[in-house]
Amino acid sequence: MRAIRLHDTRSGTLLPLAPADPARVGIYACGPTVYSRIHIGNARPFVVFSLLKRFLEHEGYGVSLVINVTDVNDKIYDAARAQDRPSAELAAQMTELYRADTDALGLGRPDHEPLASETIGAIVEHIATLVRRGHAYAADGDVYFRVRSDDGYGSLSHRRPDDMDQGEDVEGAQRKEDPLDFALWKAHKQGEDTVWESPWGPGRPGWHIECSAMAEQLLGVGFDIHGGGSDLVFPHHENEAAQTRAARGAELTKLWMHNGMIQFTGEKMAKSIGNIALLHEVIGQFGAQAVVMYLVSGHYRQPLAFSPGELQDADRRVQRLRDALRRLAPGEPSPADMAHHTDAFFDALANDFNTPTALAELFEWVREANRRGEGVGDADLREMLGVIGLGELTARESVGDVAAVDSQADELLRRREQARRERDFATADRMRDELRERGWEIRDGPDGPELLPTANA
Ligand SMILES: [Zn+2]
């Protein structure tokens, strides 16, 4: 087992991963609020923490990864109202689409994907404990966390109280003892079509409390790694930490790990970017492997620029790997005198999950294999690609059904059929063209459409 170090936001230093039980490393990452389809920015934590789990498993740890789904929220009420439909129906549909969109990345699912709407009992219990211990108070059916009652408040985000803005609506402001306080429970308001009973009256949870409740329910208090985007450090994660510290007298997690944001630069309008950057669109255009390659090309802590050019670069790197794999001997051991690149690859991941340095070593390995010509064993490359989420590339050249050979083609076919059902023929045609580029023709057989390699069609 390598010594693994990860950057901890609270201490501002690299901390060794030191799980109490190496067979049960817990990772909790904050997932999406399901009011619309997710974009590439939402995919980054999904990919970072899914791959971190893979790497830890490669190193011999057992890992439980939890990524929650926020399905009760102001944004969902607002979006549902604008579409004149029930908020629970919109949230359920967007949860399904979030699963489909992230499935298409080919990285599998987290071990647990709890929903806020299914955690209300644990949420109410947590709030009741905070009230009982004097860390929270009810006011007109709302319940607020008493921020100044928590001595540790601010220790994660390192903000001074004067710089803390909870970003909550003004109408609750007069019910707060202190503007620093934040909502744990919100009394039912007109226009909100989901509501739950509580000791403080009908209402629904505030945003932050769900993660304290879900994380504790699935991983216990004091689990190993809490992750999420750097935009969540304040107020969301500061508040999560406070809620658990105040209710349980212990820290929620040992290590806070935050990924940088995707940056949309050099584009005219944020709105148009929002459309082109939807994950399923980006995957449809460039393929899942290029999207994963793009996301691991930068260090997880750094911002990552988004543009079609960046995705095209990633696609070219994927193509280089495909070309190299064709010349390698599948499943054969790799030369021992190339193993230093493989070691350096995994050492880079052990050093604060440095995927760009790891990738550089992987491509050094490929360069060396190409230099040696045909027949170099691909075992080491397979091992590296599997950990970094690109293992599908090694399956492409084998025979079998299309899903096993090329899950991306299978996905394109599925999207084409869906587009045809929705009479979106422009999209259907685009999917057909992309399949052609990948070497597949669509044939309408007796059991529906099937894919044939172009040469045999
Ligand atoms: Zn959260």
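Trainee: Are Cys30 and His236 buried or exposed?

Mentor: Cys30 is buried, and His236 is buried too. This is a predicted model, where local features need pLDDT of at least 70, side-chain atom pairs count only at pLDDT 80 or more, and totals for chains, interfaces and linings use all residues. Residues are numbered from 1 along each chain as its sequence is written, and side-chain values use heavy atoms, with hydrogens and water left out.

Trainee: Why is Cys30 called buried?

Mentor: Buried means under 20% relative accessible area, exposed over 50%, and partly exposed in between (1.4 Å probe, protein chains only). Cys30 has a relative accessible area of 7%, so Cys30 is buried. Cys211 has 1%, so Cys211 is buried as well.

Trainee: What coordinates the zinc ion?

Mentor: Cys30 (SG), Cys211 (SG), His236 (NE2) and Glu240 (OE) do, at 2.0 to 2.6 Å. Donors are N, O and S atoms within 2.8 Å of the metal (3.2 Å for Na, K and Ca). Water is not among the atoms, so sites may look incomplete.

Trainee: What makes the arrangement around the zinc ion irregular?

Mentor: The angles. Four donors count as tetrahedral if all angles lie between 85 and 135 degrees. Four count as square planar, and six as octahedral, if opposite donors are over 155 degrees apart and all others between 65 and 115; anything else is irregular. Here the 4 donor atoms subtend angles of 75 to 128 degrees, so the arrangement is irregular.

Trainee: How are the donor residues spaced in sequence?

Mentor: The spacing is C-x180-C-x24-H-x3-E. Cys30 lies in the loop between strand S3 (25-29) and helix H1 (40-58), and His236 in helix H6 (residues 233-248), so the pair ties together parts that are 206 residues apart in sequence. Helices (H or I, at least four residues) and strands (E, at least two) are DSSP runs, numbered from the N terminus.

Trainee: How many disulfides does the structure hold?

Mentor: The count is 0. A disulfide is a pair of cysteine sulfur atoms within 2.5 Å.

Trainee: Which phi value does Asp84 have?

Mentor: Asp84 has a positive phi of about 55 degrees, although it is not a glycine. Asp84 sits in the loop between H2 and helix H3 (87-103). With a relative accessible area of 73%, Asp84 is exposed.

Trainee: What about Asp352?

Mentor: Asp352 also has a positive phi of about 55 degrees, and it is not a glycine. Asp352 lies in the loop between helix H11 (339-350) and helix H12 (355-372). The relative accessible area of Asp352 is 4%, so Asp352 is buried.

Trainee: How many cavities does a search of the whole structure find?

Mentor: The search finds 3 cavities of 30 Å³ or more. On a 1 Å grid over the protein atoms alone, a cavity is a set of points where a 1.4 Å probe fits but cannot get out. A pocket is an open set with protein on both sides within 12 Å along at least five of seven lines. Lining residues have an atom within 4 Å of a point.

Trainee: What volume does the largest cavity have?

Mentor: About 80 Å³. Grid points are joined across faces, edges and corners, and a volume is the space filled by probe spheres set on the points. The lining includes Asp142, Glu168, Arg175 and Lys186.

Trainee: How does that lining divide by class?

Mentor: Into 2 nonpolar, 1 polar and 8 charged residues. Ala, Val, Leu, Ile, Met, Phe, Trp, Tyr, Cys and Pro count as nonpolar, Asp, Glu, Lys and Arg as charged, and the others, Gly among them, as polar.

Trainee: What lines the largest pocket?

Mentor: The largest pocket is lined by 50 residues, of which Thr33, Lys75, Trp207, Asp231 and Leu232 lie nearest its centre. Its volume is about 1,200 Å³. The largest share of the lining, 5 residues, comes from H1. By class, the lining has 19 nonpolar, 19 polar and 12 charged residues.
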